[in-house]
Structure formats: structure tokens, C-alpha cells
Amino acid sequence: MEKEKFYITTAITYTSKKPHIGNTFEVVLTDAIARYKKMLGYDVFFLTGTDEHGQKIQEEAEKAGVTPKAYVDKVAGEIRRIWDLMGAKYDKFIRTTDDYHVKAVQQIFKKLYDQGDIYKSEYEGWYCVPDESFFTDTQLVDGKCPECGREVVRTKEEAYFFKMSKYQDALMKHIEEHPEFIQPESRKREMVNNFLKPGLQDLCVSRTSFDWGVPVEFDPGHVVYVWIDALSNYITALGYEPNGKKSELYEKYWPADVHIIGKDILRFHTIYWPIMLMALGEPLPKQIFGHPWLLAGADKMSKSRGNVMYADDLVRQFGVDAIRYYLLSEMSYAQDGTISYETIIARYNSDLANTLGNLVNRTVAMMNKYFEGIIQPPCAGEFDDELIQCAEGTVRRFQAKMDEYRTADALDEIFTLARRSNKYIDETAPWVLAKEESNRARLGGVLYNLTEAIRMIAVLLSPFMPDTANHIFAQIKAVKTDWESVQNFGAAQAGDRVGEAAPLFVRLDEKKKLEEIEAEILAKAEPEKKENAHEENAISIEDFAKVELKVGVILESKPVEGADKLLVSQIKIGDEIRQIVSGIAKYYNPAELIGKKVVVVTNLKPVKLRGVLSEGMILAASTKKELTVLTVDKDIPDGTKIS
């Protein structure tokens with residue numbers, strides 16, 4: 001029998017910068033859903049990729065002194081490396097610079113123009129370069145971009161426009177007739193009330209003020225604007241061409257079952273994209289799911305705020321599956337999640353090391369100790385029914401949650417079963433049963449139940465933490481690991497032999513781990529120092545001029561709570577006071593720093609150390625045994641620039 005298809009996509013990632021962990025959440029979420037559907041037997045096609053055109057990228061390439069193509073090649077490679085690192089098993093990675101995509105976009109633009117849905121006019125208004133979005137005077141917030149709060153620029157240029165209002169009623173009707181089309185429900189209300197009901201304006205779909213984009217073939221000087229270019233990737237990746245025969249992939253997988261996107265780009269996917277498809281005469285995706293954001297504290301991640309975390313750094317500190325677990329358990333269905341090193345460590349220790357790791361380790365160790373690793377037959381007794389009912393109920397509840405993409409709730413169901421299994425150990429006390437030979441059958445039955453519960457936990461965990469699931473399967477030498485095997489309790493086979501017990505997650509010393517992370521952050525923040533540097537690493541006077549050094553006087557200094565090496569100082573630099581965190585606590589008492597005039601780097605990007613904002617760097621000279629901050633004569637006023 002032919003498998004039921006399931007086509008799932010991420011939004012394609014913009015190639016202006018390396019993605020942070022908040023950006024990375026989306027591909028991990030999509031991968032978990034794709035793995036779940038494969039486990040259920042679906043024929044899954046998982047698409048991800050990169051959005052590589054636009055004014056912002058052209059400007060970034062110019063700053064870097066390279067061509068836009070060279071720039072996006074490098075960033076796209078970095079994005080793909082991170083997706084692979086996080087265990088994403090996608091079926092295709094599309095780049096909007098791919099030749100087939102460019103060709104299809106040009107055909108789409110021409111088709112829409114030929115049928116009168118696109119017309120030529122002139123645009124005048126406000127433009128946000130980072131968001132690639134146009135805004136009217138009334139849409140601005142305090143004169144700035146309503147999406148990101150950044151500065152906007154006044155723009156006037158010739159452009160092509162797409163007749164959005166022509167399809168407004170049809171889209172509204174589709175949303176009303178398909179209540180599952182936009183999820184969560186709160187996102188649907190936002191789109192309908194804030195954008196559709198007030199009425200749609202025609203959409204600018206070409207630009208002439210830059211040239212890094214898909215050229216409009218019939219009008220040199222125009223490039224296709226980001227929305228038609230980027231959004232159409234979901235069909236061009238399947239071989240769609242409006243002027244050609246439908247490809248086999250397109251016929252098989254379109255329409256998409258779900259687009260997984262961030263809530264910040266919901267308008268483009270729930271309004272612009274469906275209207276484009278209507279104009280092309282193509283089916284609409286079945287669902288668009290707008291996931292929440294991952295915040296650092298109360299703020300969105302931003303380099304300017306100094307609160308950015310990257311997936312590769314976190315994986316190096318905690319491992320891939322631990323970070324996958326944190327992301328998928330922290331992000332609820334509709335509410336934003338938060339991330340910090342402290343919360344990662346807390347959840348790592350409580351959930352992974354204690355609840356899951358101890359359960360597996362204790363059970364396998366007892367099976368080896370009491371029965372030489374051989375699984376014994378079930379033997380009914382007190383507390384068994386509660387455990388079995390919990391296990392079988394967990395599978396049903398897990399499936400219901402995953403079918404709605406409630407991954408955090410699904411994970412909570414799994415760990416509820418793990419906690420119930422640990423409670424079962426306390427209730428049955430296998431170490432007490434082992435003291436009496438008459439209890440041997442019952443002891444074997446208890447360990448059978450625990451082994452079976454662990455096997456079911458591992459099967460359910462496999463979409464979220466695939467490596468961990470495989471390690472559990474290896475420890476209990478599970479034979480049955482498919483979805484069918486967890487529909488009823490009891491698939492473990494008596495007589496099979498378990499493997500050796502090995503820790504899944506070793507409990508972390510919070511203080512020590514935070515110190516390791518802190519040292520790594522400080523090392524990255526300081527300039528690289530290389531002995532016997534080669535001539536090609538020498539900097540020019542222009543490079544040196546970029547570093548802004550000023551005299552500052554220390555007004556106040558105190559230890560950073562929970563950090564042995566850090567002091568946080570308030571430093572007056574002319575008319576402003578900066579807060580700076582320095583790793584000098586081993587060499588100075590806070591009191592002896594008061595009044596010192598020190599040399600401060602004032603144009604470093606802010607960074608948080610142990611949750612404390614640092615807005616610069618105090619220069620110091622150090623040997624292996626000593627450190628001294630650089631000071632200046634007292635008659636030099638603070639705020640004086642050093643050159």
C-alpha cells in the first residue's frame with residue numbers, strides 16, 4: 001500500500017549573518033515533526049534552505065569586500081553546517097541563487113504580469129533594510145520600523161506592484177472555511193483583524209535601487225523583490241514551473257501539509273503567499289504554523305544587546321541532544337520561551353541526568369546484578385497496573401500532542417512516564433526483593449516492567465533526541481523500536497539480554513560549567529594574540545584606528561555574584577558612565593580600584609557575562625602569575641581619547 005505523503009518546510013533562512021540559537025530552533029522543531037511522521041509511516045519530504053537576495057545582503061557583501069555571491073556562498077555553507085550539526089535530516093536544501101529557482105521565479109513573475117495581476121507604477125514611502133519591508137507614515141512606530149524598531153529610510157523608485165486586493169475576499173473565505181489553515185488560533189485572529197479586515201494594499205514586488213536579485217527579464221534594471229523570490233521556494237524546490245509540465249515531485253507532494261515559520265513572518269506566509277498561489281491557480285498549503293520566539297531573558301536575541309547564543313557553542317558545552325531537548329521542551333505551542341546558561345544546566349541536571357539517565361542506569365545495572373543481564377518474564381504484582389496504564393496512556397497522549405505540533409507537551413508526557421517509572425522503583429524496592437529467594441520471580445517481573453517502560457520512552461524520544469534514543473536501545477538491546485511496538489505494553493522479550501549500564505548524561509557542576517562558559521566568552525571577546533605572527537596577520541593603521549580607546553575613572557567596583565573571577569565596575573568616561581565586567585577579581589580588591597584612571601575600549605559590542613551586561617573592556621597587561629590594569633597620569637581627564 002502506498003504511504004500517505006507529508007510535505008513539511010521551514011522558512012528559508014536569510015543569509016545576512018550566521019544564525020543564532022533562536023533561528024536554529026525552527027529547523028530542530030521541523031526535524032522533530034518530520035521524524036515523528038516518518039515513525040508513523042508517512043512518506044515525508046522535509047525542505048529547508050536559504051534566502052540569498054536583497055539589499056541587505058548586497059550591503060553586507062560590500063562591507064566585506066566580496067561579491068554578493070561569494071558572501072552568500074559562505075553564509076549558506078555555515079547555515080547548512082549548523083543544520084547538520086543539530087541533526088536535521090532534511091530531504092532538500094534549496095538556495096534562492098540556484099539556477100532552477102531563478103528561472104522559475106522569472107516565469108512566475110512574467111505569468112502574473114501577463115495576466116494583469118502585476119502592474120508598473122512608482123513607490124514612495126519608508127523602507128526598512130533589515131526587514132526588507134515597506135511602511136507608510138501611519139505604520140511607523142515613533143518614526144521607526146514597526147517590526148524591528150530600527151531606522152527606516154525614505155525611498156522613491158519605479159516598481160511593479162501585485163494586486164493583493166483582487167484576492168482578498170477569496171483568501172478570507174478560504175480562512176473561514178479552513179479553520180486549521182493558520183495556527184495557533186491567536187495568530188489567525190491577528191492576521192484577520194490587523195491585516196485582512198482593514199483591507200489589503202497592493203504589494204511592491206520589484207526594486208531598482210539595488211541589483212542583487214532575480215532580474216525581471218522583460219524590464220532590465222528591475223529585480224524581483226524578496227517575497228515572490230523567497231516564498232516561491234516551496235514549489236520551485238519540487239520542480240514547479242508555471243509554463244511547463246508539472247514535475248513528479250510537485251504532483252506527489254504539493255500542497256504542503258505544513259509550513260513551519262516564525263511568528264514574525266506570519267503575514268507574508270498567510271496573506272502574500274496564499275494570494276500568489278491563488279493567482280497562479282495552484283492549491284494552497286494545508287496549514288501555516290507560526291511558532292513563538294526563543295528569548296534571552298525578556299529580549300529577542302540581538303548582537304547589539306550582547307545576548308546572542310550560537311548552536312555550535314552550546315553543542316560544544318552540552319551536546320546535540322541536550323540542546324535539542326532544551327529547545328523543544330522550552331518552547332510552548334504559542335508562548336515565547338527563554339534561554340540562559342543557568343536554565344540549560346538546571347534542566348540538563350533535573351530532566352536528563354536525574355529523571356531519564358538515572359532511570360536507565362539503575363534499571364540496566366540491576367538487571368545485570370541480579371539476573372546477569374537476562375530479561376525475566378513478567379510477574380504481576382502491586383503497582384504494575386498503574387505503571388502499565390501510564391505507559392499506554394502516554395503513547396496516546398503523545399500522539400495527540402504531536403499531531404497538533406505541541407512538542408513541549410509531548411515531551412512532558414514522555415518525562416511524566418519516566419518520573420512514574422522512577423516512582424515505581426521506589427514503590428517496589430527491587431533491592432529489598434533481592435534479599436529473599438522467594439521474591440526472585442517478582443523481582444524479575446519488576447525489572448521487566450522497567451525495561452519495557454524504558455523501551456517505550458526511547459521510542460517516543462527518538463524524534464526529539466535520536467542519538468539518546470539509540471544509546472538507550474543499545475543499553476537494553478531493544479529489538480522492537482518501531483511505532484507499532486509501543487501501542488501496547490509488553491513487547492520486550494523475556495530471555496533477551498541487556499547490555500552494560502553507562503551514564504546517558506553526567507550531572508553537571510553548575511559553578512564549574514558556568515566558569516568554563518565564562519572563560520570561553522572572555523577569550524572570544526579579547527583580541528586574538530599570536531606569538532611570532534606572520535606578516536599577513538599584521539594590521540594596518542586603518543584597522544587600528546577602528547579601536548576606540550578612552551580614559552575612564554572607576555567610580556564603583558564589586559564582585560559579580562556567583563563568579564570568582566569577575567568584577568563589575570561603573571566607569572565614568574567623560575559625560576557617560578559605562579558598566580564593564582572584567583576578569584580581574586583574583587588580582588584586585590574592588591576597593592583598591594576606586595579612583596583609578598584606566599584605559600577602556602569603548603566601541604566593543606556589549607556582551608553579557610553571568611547575566612551582567614558589559615559595555616566595554618578595561619585594558620590590562622598580564623603574565624602567567626600577575627596582572628595589572630593599564631592606568632594613566634592623574635592630570636589626564638576622563639573621556640580623553642587615546643590615539
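Predicted model: local features only at pLDDT ≥ 70, side-chain atom pairs only at ≥ 80, totals over all residues.
**Stop 1: helix α1.** Select residues 21-39. Helix α1 has 19 residues. From first C-alpha to last it reaches 26 Å, close to the 27 Å expected at 1.5 Å a residue. Now colour by accessibility. Of the 19 residues, 17 are buried, under 20% relative accessible area. Helix α1 is therefore largely enclosed by the rest of the structure. Step on to G41, which follows α1. Its phi is positive, near 105°.

**Stop 2: the sheet.** Show strands β5, β6, β7 and β9. They form an open sheet of 4 strands in the order β6-β5-β7-β9, with antiparallel pairing. Which strands stand at the edges? They are β6 (133-135) and β9 (203-204). Each has a single partner strand, so one side of each is left without a neighbour in the sheet.

Now select β5 (residues 118-128) and β7 (residues 153-162). These two pair in the antiparallel sense over 10 bridges.

**Stop 3: a helix pair.** Select α11 (residues 311-318) and α12 (residues 320-330). Their axes are 7 Å apart, and the packing angle is about 115°. Show side chains next. From α11, L314, V315 and F318 make the contact. From α12, the partners are V320, A322 and I323. What classes of residue meet here? The contact has 6 nonpolar residues, with no polar and no charged ones.

Terms used
Residues numbered from 1 in each chain as written. Heavy atoms only, no water. Pairing = 2+ DSSP bridges. Axes fitted to C-alpha atoms, helices over the stretch in contact; angles between N-to-C directions. Contact = heavy atoms within 4.5 Å. Nonpolar A, V, L, I, M, F, W, Y, C, P; charged D, E, K, R; others polar. Expected span 1.5 Å × (residues − 1). Buried < 20%, exposed > 50% of the residue type's maximum accessible area, 1.4 Å probe, protein only.
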